[in-house]
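Reader: I'm new to reading structures and would like to know where the words used to describe them come from. Could we go through one together?

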Amino acid sequence: MKNLSPAFFSSDPVDCARELIGCHLRWGGCSGRIVETEAYRALGDAACHTFVRPSARDFVATHQAGDAYVYLSYGVHWLFNILIKGPQGDGFVLLRALEPLEGLDAMRARRGNYADRLLMAGPGRLTQALGISGAEHGCRWLEQGQSGLTSGKPDSIVSGPRIGISQAVDLPWRFGDPASKCLSKPF
DNA sequence: GATGCGATTCAC
DNA sequence: TGAATCGCATCA
């Protein structure tokens, strides 16, 4: 297990999304195993925020690889993305589901008394469980000591279409460990 | 200052 | 399976 540095995110968004499956995320006093991600490309991907939002394009231009891109979905749920800036193109990786490892009590205090497998089984659920909100938007969380990523490998990784989007629906840029009990939806 | 709409969740 | 929900970005 080695720590992932911001250099890990100076690569291809789709490669990063795939390689993050099985890695361990540490956030404050909580941690979890990443079991589901999605990739978004800044260029040529109609589902990416950069496609219609000047503010998203500005974010890419003014932030560094690995920085947090956090935004509110449906006016209710915070979604956590990691900025990718690589030679093959920029983009984001959306964290969609984690298996809780440490800090389950703190997660329940924030989310309610749900079963373990439901604490972070969804992009809005995991931010609520970890206490991530708009305050973390733009932050360089990988270099803040109490939070970070360590590498790991799942038994297998599968891919499929991304969830909840209306554009570019055919691109198979959702990745996950099909054996996990904590997916937001089965593959 | 108004409008449209969403990278979802939870309860029914 | 279906409805809530409201904040934010965008543009006028």
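**Cysteines, rings and DNA**

Author: Let's begin with the cysteines: the structure holds zero disulfides. This is a predicted model, in which local features need pLDDT of at least 70 and side-chain atom pairs count only at pLDDT 80 or more, while totals for chains, interfaces and linings use all residues. Residues are numbered from 1 along each chain as its sequence is written, chains are lettered from A and ligands numbered from 1 in the order in which they are written, and side-chain values use heavy atoms, leaving out hydrogens and water.

Reader: What makes Cys30 buried?

Author: Buried means under 20% relative accessible area, exposed means over 50%, and partly exposed is in between (1.4 Å probe, protein chains only). Cys30 has a relative accessible area of 2%, so it is buried. Cys48, with 3%, is buried too.

Reader: And why is Asp116 called partly exposed?

Author: Its relative accessible area is 43%, so Asp116 falls in the class in between. Asp116 is found in the loop between α3 (104-111) and α4; helices (H or I, at least four residues) and strands (E, at least two) are DSSP runs, numbered from the N terminus.

Reader: What makes the pair of Trp27 and Phe80 edge-to-face?

Author: The ring centres of Trp27 and Phe80 are 5.6 Å apart and the planes meet at 75°, so the pair is edge-to-face. Trp27 belongs to strand β1 (residues 24-27) and Phe80 to strand β4, so the pair ties together parts 53 residues apart in sequence. Both count as buried: Trp27 has a relative accessible area of 10%, and Phe80 has 0%.

Reader: Why is the pair of Phe59 and Phe92 called tilted?

Author: Here the planes of Phe59 and Phe92 are at 40° and the ring centres 6.5 Å apart, so the pair is tilted. Phe59 sits in helix α2 (residues 54-62) and Phe92 in strand β5, so this pair ties together parts 33 residues apart in sequence. Phe59 is buried at 4% relative accessibility, and Phe92 is buried at 2%. Ring pairs also link Phe59, Phe92, Tyr69 and Tyr71 into a cluster.

Reader: How do you know that Arg111 sits over the ring of Tyr114?

Author: A charge sits over a ring if NZ of Lys or CZ of Arg is within 6 Å of the ring centre and within 35 degrees of the ring normal. The charged end of Arg111 is 4.5 Å from the centre of the Tyr114 ring and sits over it. Arg162 likewise lies over the face of Tyr40, 4.5 Å from the ring centre.

Reader: Which residues surround DNA strand C?

Author: They are Arg53, Pro54, Ser55, Leu72, Tyr74 and Gly75. A residue is near a strand if one of its heavy atoms lies within 4 Å of it. Of the atoms of DNA strand C within 4 Å of the protein, 93% are in sugar and phosphate.

Reader: What makes the approach of Pro54 to DNA strand C a polar contact?

Author: A polar contact is a pair of N or O atoms within 3.5 Å; within protein, one must be able to donate a hydrogen and the other to accept it, and residues adjacent in sequence count only if both atoms are side-chain atoms. A polar backbone atom of Pro54 is 2.8 Å from a phosphate oxygen of DNA strand C.

Reader: How does Arg125 contact DNA strand B?

Author: A polar side-chain atom of Arg125 is 2.6 Å from a phosphate oxygen of DNA strand B. The side chain of Tyr71 has an N or O atom 3.2 Å from a base nitrogen of DNA strand B.

Terms used. Disulfide = S-S within 2.5 Å. Phe/Tyr/Trp six-rings, centres within 6.5 Å; stacked < 30°, edge-to-face > 60°.
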